[in-house]
Amino acid sequence: MTKEGSFNEKDDMEIDLHSSGNQQLKKCSHEFSFDYLKVYYGKLFPYSDIFRWMSYGNDGKHPACDESYFSRREFSFTLENDVYLRFQSFKSATDLENSIKEKCPSKIDIGPVYSVDPSKRHAYVQAGNNVFTPVERELVFDIDITEYDDIRYCCSGSDICLNCWPLMAIAIKVIDTALRDDFGFNHILWVYSGRRGVHCWVCDGRARRLSNEARSSITDYFHVYKGSENGLKKASLTGLALHPFLARAYTDVLLDYFERTLIHNQKLFSVEDRYEKILDIIPDKSVASEIHEKWQGNKRSSTSEEGRWDQLKSMLQSGKHKGLRRCVEEIVFSYTFPRIDMEVSKHMNHLLKAPFCVHPKTGRVCIPIDPKHCDDFDPTSVPTLSLLLEELNAGGVQMDVENDWERTSLDQSIMFFRSSFLQPLMKSCKEEMESSYSARVQQSNKSSLGW
């Protein structure tokens, strides 16, 4: 096994080359190998869709197009044995496709659009021109399940299962709603990272042109944690009442998930060290001690986890103990509110893994997630590299499909990417381009007439 967790034994798979050029995988004994990856890049990776997305309408078909736009976008490749290539750039979809097929990267990261071609940056530096700077970049968010290791007990580290996936679903629901309703963004893509988390790409024109300062402000909007206390990341809820955004998240998402899902999935009130961590959030230690002694004395009682939570809520919200009314909210927020990687979102030059990559540790494809149905997403059933190649092999040569991925389980993911994200985005880009072009033409006409 290499550092990337890949297998390179040739005898683990057999590839038949038919006269049609179709490659068939005879045997898939591992989820990932560079041999499998070459077939994936050769037959399944959606190059044209990635190109259309990254071009944002600058495809040369409109007089207002910036034909240098795509070539100023940074791509980064991680190759076998952890060889890392940054500042790759390409002039066309064909150029991108040929390079990926040739280099077979285990990971493809996407960076910003720079002021000049990033592959030629040294020429500008040597000339003494300080013009190599990022000018556009999607607003991105990275949420990793490992950030929740203090409150999930089913898994740890990079492992993820259906019991802790609801934490990711909560993050998607809360952030997606805020981005749309509070900031007015429309073109948002959620992608499974292939292993332990989710990525969010906000692709509206005004999102891509945000300054680092504006990105930091938006990121801070989603920040409620003030550090760890007794091994738990504690939420900080200031003011007499919750901010409208936090109140909506609490009412519409957080409380329901905590009570209906997390209490049961993580057994928060049936294991002593787990409910002790919750009681530690209560600032009045005499109250926490009273509740703890009550539960300790009733170890053999039939009080359910939900019953203990109801007891705790009742005591904290009774008004008998001063300053404890917000404790219920603080407990729920500490266990449910999204934990984003702040630094990823604050800076334009941060790289993020491209959709439809294959994660080298799991063999899973980084497929889009429908935020409206993120509860139903199962990270353990995501198409894997070996499964896709088995499906190709089983399907044989079919003349009634335009693309090879149409006869694999990747079909639904690519179709969703196109219909729910790419097509609406392209329509918006064309409209924005046409509006800008018309305004420039009108202004030019006024100038020529001496107005």
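Which residue's side chain does the side chain of Arg326 join in a polar contact of 2.7 Å? The residue is Glu329.

The views show a predicted model, in which local features need pLDDT of at least 70 and side-chain atom pairs count only at pLDDT 80 or more, while totals for chains, interfaces and linings use all residues. Residues are numbered from 1 along each chain as its sequence is written, and side-chain values use heavy atoms, with hydrogens and water left out.

**View 1. Arg326 in the loop between helix 11 (305–317) and helix 12 (327–336).** Helices (H or I, at least four residues) and strands (E, at least two) are DSSP runs numbered from the N terminus. Arg326 has a relative accessible area of 18% and is therefore buried (under 20%; exposed is over 50%, partly exposed in between; 1.4 Å probe, protein chains only).

**View 2. Surroundings of the Arg326 side chain.** A polar atom of this side chain lies 2.6 Å from the backbone oxygen of Gly239. A polar contact is a pair of N or O atoms within 3.5 Å; within protein, one must be able to donate a hydrogen and the other to accept it, and residues adjacent in sequence count only if both atoms are side-chain atoms. Beyond four places in sequence, Arg326 is in contact (heavy atoms within 4.5 Å) with residues including Leu237, Thr238 and Leu242.

**View 3. Arg72 in the loop between helix 2 (47–55) and strand 3 (73–78).** Arg72 is buried, at a relative accessible area of 12%. Its side chain makes a polar contact of 3.1 Å with that of Ser68.

**View 4. Arg72 and Pro118.** These residues are 46 apart along the chain, and their C-alpha atoms are separated by 6.1 Å. Arg72 also touches Asp66, Tyr114 and Val135, among others.
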